Amino acid sequence: AAAAAEPAGGGGAGMEGDRLESPVTIKGIERELICPACKELFTHPLILPCQHNVCHKCVKEILFAFEDCFADGGSESSNQSSPRIKISSSSMDRIDRVSRSGIKRNSLTPRSSLFPCPGCQRDIDLGERGINGLFRNFTLETIVERYRQAARAAVAVMCDFCKPPPQESTKSCMDCSASYCNECFKIHHPWGTAKAQHEYVGPTTNFRPKVLMCPEHEMERVNMYCEICRRPVCHLCKLGGCHANHRVTTMSTAYKTLKEKLSKDIEYLISKENQVKAHITHLDLLLKETECNSERAKEEASQSFEKLSHVLEEKKSAALRAIENSKNLRLEKLQMQAEEYQGLLENNGLVGYAQEVLKETDPSCFVQTAKQLHLRIQKATESLKSFRPAAETTFEDFVVDIAKQEEILGDLCFHSNGLEIPEINEEQSRMYNKALISWERPGKTDSADIYVLEYHKLNREEESATWQEIKVCSKSKVISDLDDDSSYAFRVRGYKGSICSPWSREVILHTPPAPVFSFLFDDKCGYNSEHLLLNPRRTSVESRAGFPLLLGSERMQVGCYTTLDYIIGDTGIAKGKHFWAFHVEAYSYLVKVGVVSSNKIQKLFHNTHDVTSPRYEQDSGHDSGSEDAFFDSSQPFTLVTLGMKKFFIPMTPAAPKDPASRILPLPSCLGICLDCDKGKVGFYDAGRMKCLYECEVDCSGIMYPAFALMGGAAVHLEEAVTSKYGEYHGDI
């Protein structure tokens with residue numbers, strides 16, 4: 001219906017078959033005539049830019065709900081005012097999402113340009129005119145009216161002009177927008193008058209204009225069709241409107257082309273009627289098979305849980321039996337011990353017996369009995385001196401540890417072979433001021449509806465770490481509030497309904513050794529605009545090996561004096577520990593990076609020439625021997641050298657003697673960690689957060705990030721991770 005509506009309305013007001021002809025059979029098309037918002041027959045349907053149709057009233061109600069959501073800051077009652085409209089939960093989720101973005105709108109009238117289409121579940125931009133810029137789908141409206149008439153064949157359309165009782169109408173005038181019986185039609189449309197030329201159709205309550213007017217230019221009729229926007233336009237839209245640069249065609253050509261395509265496609269479908277019926281039969285079998293398989297799956301799931309319950313019952317019974325047996329044994333021991341001590345009382349038990357033995361006067365008989373009795377008395381005496389219960393009263397050994405089992409049962413769900421395991425993309429994932437975790441699906445089939453990202457801090461002291469869980473609707477997530485100088489493990493799994501995929505492989509990422517320090521390149525202090533080129537955001541600097549460098553080299557007849565162009569950060573550090581990262585382009589010939597003190601900046605920029613050849617000394621005039629020359633700690637700044645895809649560790653007494661061991665591959669991302677409190681600066685491989693070189697630095701003044709470039713080179717500051725990385729991407 002939507003496809004047929006595109007070219008319709010540009011010609012006449014009627015459809016073929018609307019005149020006094022036998023009604024067309026339209027049984028079985030109810031599904032195409034139901035509004036996706038209110039789930040009822042269309043009433044004055046509007047064509048959205050996505051080519052779906054929605055009732056005019058539904059569009060207004062959805063937009064009012066949209067505006068209420070912006071005004072109230074939530075969607076709990078957004079669709080409560082109208083029982084007619086049925087906004088899906090996914091549409092309301094999108095409304096919530098846009099409302100949280102902070103967009104402010106006036107809720108007196110539905111002005112929002114974003115419309116959550118209930119047909120395709122996407123946010124559609126209605127443009128500046130909103131509802132007023134949408135076409136009314138008269139073709140679909142007429143088909144709905146014909147369906148209504150077929151559904152209520154016994155209910156006739158009555159004449160609007162008969163005296164009571166009114167007669168049944170026989171025709172309707174599209175110009176007068178009224179229905180007539182034969183007699184009234186002759187009276188109100190006499191021969192020889194202009195009304196006799198009015199267009200009439202069969203009895204209907206659906207009246208539409210004879211000419212479709214442009215919603216942008218209300219006095220102009222549409223006479224062209226925009227192939228880009230797939231909608232009718234007028235000549236003013238083409239001349240100076242939003243369709244000025246779009247490809248358009250005449251309405252008659254579009255009508256003919258689309259009608260031929262639609263007719264051809266319909267003929268093809270009709271010719272495949274037997275195939276369609278076969279598919280329907282197959283689908284009926286699949287429906288029955290699905291019912292049977294679902295019952296079987298329920299039974300199997302029930303059996304699995306019954307088995308699990310049976311195992312738990314057995315474990316429970318065994319545990320209770322063990323506790324009961326231990327209790328009985330302990331009670332028996334304690335009871336015997338109590339009876340023994342009871343015998344130590346006067347005239348009772350062992351003491352009473354011993355007292356009776358003492359009455360024996362015959363030495364031989366006394367000795368015969370007293371020896372064994374004395375041993376028992378001694379044993380009782382020792383027991384009395386070091387009293388100890390015969391059994392423990394606590395049952396700590398019988399505490400059941402179910403922590404791991406609880407975790408396993410918490411993960412108990414349906415595992416599907418069709419739902420692929422997501423993979424965390426380590427190249428796209430980043431650890432900087434925040435953590436950006438990105439993942440991807442190996443395939444595009446059976447994609448998950450939602451993902452669960454879990455992470456925990458790696459701690460040697462804790463044997464079993466607690467995973468923190470986050471539900472994500474996109475394929476990336478920004479995580480804040482992670483500890484500095486720590487390692488975290490991440491894993492992700494996908495969910496599609498109650499089915500989930502197995503966990504992805506765990507990925508371990510390291511946070512920076514200190515809080516991230518944000519700054520831009522300073523374009524004022526010492527900045528040489530002739531040699532260096534800054535981007536507008538001042539996050540990248542480039543040195544070009546051009547004509548000025550050649551002129552500078554031409555003036556030098558001896559030695560290897562060349563100019564280093566310095567640039568510093570626009571923000572300084574007075575105290576604390578800070579970290580920043582940057583990228584050095586692989587083609588860079590020479591770059592120096594590090595820190596400089598505020599009281600030495602002037603000396604830095606006035607030192608216009610730097611000896612890049614370590615074998616030449618200006619003072620001595622002879623070879624100094626680079627292999628034996630150590631890093632000069634008296635320099636006004638602390639820099640390390642990069643270039644030609646290499647990282648050069650400075651020569652220090654603690655550095656390796658072998659020059660080759662001081663040359664490392666240049667990491668893709670470098671980091672600098674400055675600790676003003678301890679007076680140390682470290683240079684890191686920011687990708688792995690591994691320290692490559694560390695030295696002491698004088699932090700008596702305010703410290704600034706410093707960079708020096710020569711020849712063809714470029715440095716790009718690492719971009720901070722912001723919440724925009726966690727926005728919805730619309731690919732789920």
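Ser172 stands opposite Val201 in E8.

The loop between helix H4 (138–151) and E6 holds Pro165, and the peptide bond from Pro164 to Pro165 is cis, with omega near -5°. Most peptide bonds, by contrast, are trans.

Another antiparallel pair is worth a visit: six bridges join strand E33 (residues 680–685) to strand E34 (residues 690–696). Within this pair, Gly682 stands opposite Glu694 in E34.

The two strands E33 and E34 form a hairpin, with four residues between them. In that turn, Met689 has a positive phi of about 55°.

At 1.5 Å a residue, its 23 residues should span 33 Å, and the end C-alpha atoms of H10 are 31 Å apart, which agrees. H10 also has a kink of about 35°, centred on Ala370.

Ala370 is buried in H10, as are Leu373 and Ala380. The partner for the buried residues of H10 is helix H9 (349–357), against which they pack. At the start of H10, a side-chain oxygen of Asp362 comes to within 3.2 Å of the backbone nitrogen of Ser364.

Gln337 sits in helix H8 (residues 273–342). Its relative accessibility is 12%, so Gln337 counts as buried, the cut-off being under 20%. Which residues does Gln337 contact, leaving aside its neighbours within four places in sequence? They are Phe387, Arg388, Pro389 and Ala390. Take Pro389 as an example: Gln337 and Pro389 are 52 residues apart in sequence, and their C-alpha atoms are 7.7 Å apart in space.

Thr249 belongs to strand E11 (residues 248–250). With a relative accessible area of 18%, Thr249 is buried too. Not counting residues up to four places away in sequence, Thr249 touches Met224, Tyr225, Glu227 and Ala254.

Gln51 lies in the loop between strand E1 (45–47) and strand E2 (53–55), and Gln51 is buried, with a relative accessible area of 11%.

Arg230 has a positive phi as well, near 55°. The loop that holds Arg230 runs between strand E9 (224–226) and strand E10 (231–233). Is Arg230 buried or partly exposed? At 41% relative accessibility, Arg230 counts as partly exposed.

## The chain as a whole

Stepping back, the protein chain contains 13 helices and 36 strands. Of its 732 residues, 36% are buried. Among the contacts in the chain with a separation of 6 or more, 65% are between residues 24 or more positions apart.

The pLDDT averages 77 over the protein chain, and 77% of the residues score at least 70. Where is confidence highest, and where is it lowest? Strand E26 (residues 577–584) is the highest, at 96, whereas helix H1 (residues 2–5) is the lowest, at a mean of 38.

Over residues 1–25 the pLDDT is below 50, although this stretch has 59 contacts in the model beyond near neighbours in sequence. Residues 725–732 also have a pLDDT below 50, with 25 contacts in the model beyond near neighbours in sequence. Where pLDDT is low, the predicted coordinates should not be read in detail.

How values were computed
Residues numbered from 1 in each chain as written. Predicted model: local features only at pLDDT ≥ 70, side-chain atom pairs only at ≥ 80, totals over all residues. Heavy atoms only, no water. Buried < 20%, exposed > 50% of the residue type's maximum accessible area, 1.4 Å probe, protein only. Contact = heavy atoms within 4.5 Å. Pairing = 2+ DSSP bridges. Expected span 1.5 Å × (residues − 1). Bend = angle between axes of the 7 residues up to and from the residue. Polar contact = N/O pair within 3.5 Å; in protein donor to acceptor, adjacent residues only side chain to side chain. pLDDT = per-residue confidence, 0-100.
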